[in-house]
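Please find below a colleague's note on the model under review.

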Amino acid sequence: MAKFEIDLNLPDVKILHIETTKINDLIITVKSTKKSTECHKCGQKITKVHGYGEAIMLRHLPILGQSVYIRLRPTRFQCDTCDNHPTTREDADWYNQRSKFTKAYEEWLMRMLINSTIDDVARKEDVSSEEVESVLNRQVETKVNWDTIEKLTYFGLDEIALKKGHKDFVVIVSARINDSVQILAVLADRKKETVKTFLDSIPERIKKTIKMVCSDMYDGYINAVKEVLGNKIKIVIDRFHIAKHYRSCLNSLRKQELKRLKKELNEADYAQLKGAMWALRKKEENLTEQDKEVLSVLFKYSPDLEQAYNFQNDLTGIFEQNISKCEASLLIREWIKIVKLSTLTCFEKFISTLNKNWNEILNYFYHRQRKNSGFVEGLNNKIKVIKRRCYGIFDINRLF
Ligand SMILES: [Zn+2]
């Protein structure tokens, strides 16, 4: 069997024992090799070992798909100078005493939050949403060490909706540094001033290296970027951020319609709609037979929802195409036209946001095509397919 060594990247520890649990988690028992700590009372360096504290388990980065836990009994040192000879638990650079995770794992969770949500990350990693949220909250206000950064060709602003507390959002600032995505900072809120203050704190020499900003679809970010970094910076709103907005249109219509149906339908009929929410959220290609069944019942009771669902999928279809900015612009304009011809009002707010951020949204296609510059063939056919998808819902003649 091929074997290799992994650097756990945990300073000052020695591995004692490795075991695999029944559910295939990896538990690595380590021992600290630290020879001293600072007395919590007098602050002096103390070296006398008093014993070992309760074992703690810290979640660490996964290895080959297995969840990894580091098991450790922290050393307690005793002070001979202070009265009553108090003991102090050693500290380490690789975990916070308050956390159940190593710092490396916390960073991993944060990176997973980019283009995702607290609930999704929690579900994928099998941790609680509260834990993900508290990791996020701990990162707020951490200062960036700019000295270690040479250039930031691009960075991203992602807002994460919070679940508890008074705040609605925090903003994750990430950047590609030396070919890996790193979290630069977590901003306490999404106010334009907060974003501006952060951008202003970037040293001039680094500001000059920024070519592109990938941003969430929110005026505050876009204006802050333009004001601090100038108009020449290319701002791109990623499709994930756009989809988040138009999906919420369908979501609010779904809530409204299900509320109506709950009143109008008898209990047995309404019960047929169980699971409708999840089915609506799934990608078309991931629908099970049961999902399709639920949706067809739902759409029978709510033609509006069916139409909104189709509109949503049509727009997703456009974003999936490998087309130029110009062609995308044409197709999205057509989409807007068709949606406006319908009686649906749920996309109105989204359409005005779309118009307001038109250039930044279309930049997504610019970026995409540059990555796949070999692409030309079959373009017209692709456009025809999208047009058919869009027009399929309506009589095409009504448009002209
Ligand atoms: Zn002391």
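The points below treat the overall build, the metal site, the domains and the salt bridges in turn.

1. Basis of the note. This is a predicted model, in which local features need pLDDT of at least 70 and side-chain atom pairs count only at pLDDT 80 or more, while totals for chains, interfaces and linings use all residues. Residues are numbered from 1 along each chain as its sequence is written, and side-chain values use heavy atoms, with hydrogens and water left out.

2. Overall build. The protein has 15 helices and 14 strands; helices (H or I, at least four residues) and strands (E, at least two) are DSSP runs numbered from the N terminus. Its C-alpha atoms fill a box of roughly 90 × 60 × 50 Å along the principal axes. Of the 400 residues, 46% count as buried, where buried means under 20% relative accessible area, exposed over 50%, and partly exposed in between (1.4 Å probe, protein chains only). Taking contacts (heavy atoms within 4.5 Å) between residues at least 6 apart in sequence, 59% join residues at least 24 apart.

3. Zinc site. The zinc ion has as its protein donors the SG atoms of Cys39, Cys42, Cys79 and Cys82, at 2.3 to 2.4 Å. Donors are N, O and S atoms within 2.8 Å of the metal (3.2 Å for Na, K and Ca); water is not among the atoms, so sites may look incomplete. The donor residues follow the spacing C-x2-C-x36-C-x2-C. Cys39 is in the loop between strand S3 (37-38) and strand S4 (45-46), and Cys79 in the loop between strand S8 (75-78) and strand S9 (87-89), so this pair ties together parts 40 residues apart in sequence. Both Cys39 and Cys79 are buried.

4. Site geometry. The angles among the 4 donor atoms run from 102 to 113 degrees, and the site is tetrahedral; for four donors this label requires all angles to lie between 85 and 135 degrees. The ideal angle for four tetrahedral donors is 109.5 degrees.

5. Domains. The domain assignment gives domain 1 (13-94), domain 2 (106-237) and domain 3 (240-399); such bounds come from an automatic or database assignment.

6. Salt bridges between domains. The interface of domain 2 and domain 3 carries 3 salt bridges, each being a side-chain nitrogen of Lys or Arg within 4 Å of a carboxyl oxygen of Asp or Glu. Lys226 pairs with Glu360 at 3.2 Å between the closest N and O atoms. Lys356 pairs with Asp219 at 3.3 Å. This second pair links helix H13 (residues 348-356), holding Lys356, to helix H6 (residues 219-229), holding Asp219, 137 residues apart. Lys356 is exposed at 56% relative accessible area, whereas Asp219 is partly exposed at 30%.

7. Further salt bridges. The structure holds 20 salt bridges. Among them, Glu159 and Arg190 meet at 3.0 Å, N to O. Glu159 lies in strand S10 and Arg190 in the loop between strand S12 (180-187) and helix H4 (192-200), so the pair ties together parts 31 residues apart in sequence. Glu159 is buried at 8% relative accessibility, and Arg190 is partly exposed at 23%. Lys192, Lys196 and Glu227 are linked in a network of salt bridges.

Technical notes:
Tetrahedral: all angles 85-135°; square planar, octahedral: opposite > 155°, others 65-115°.
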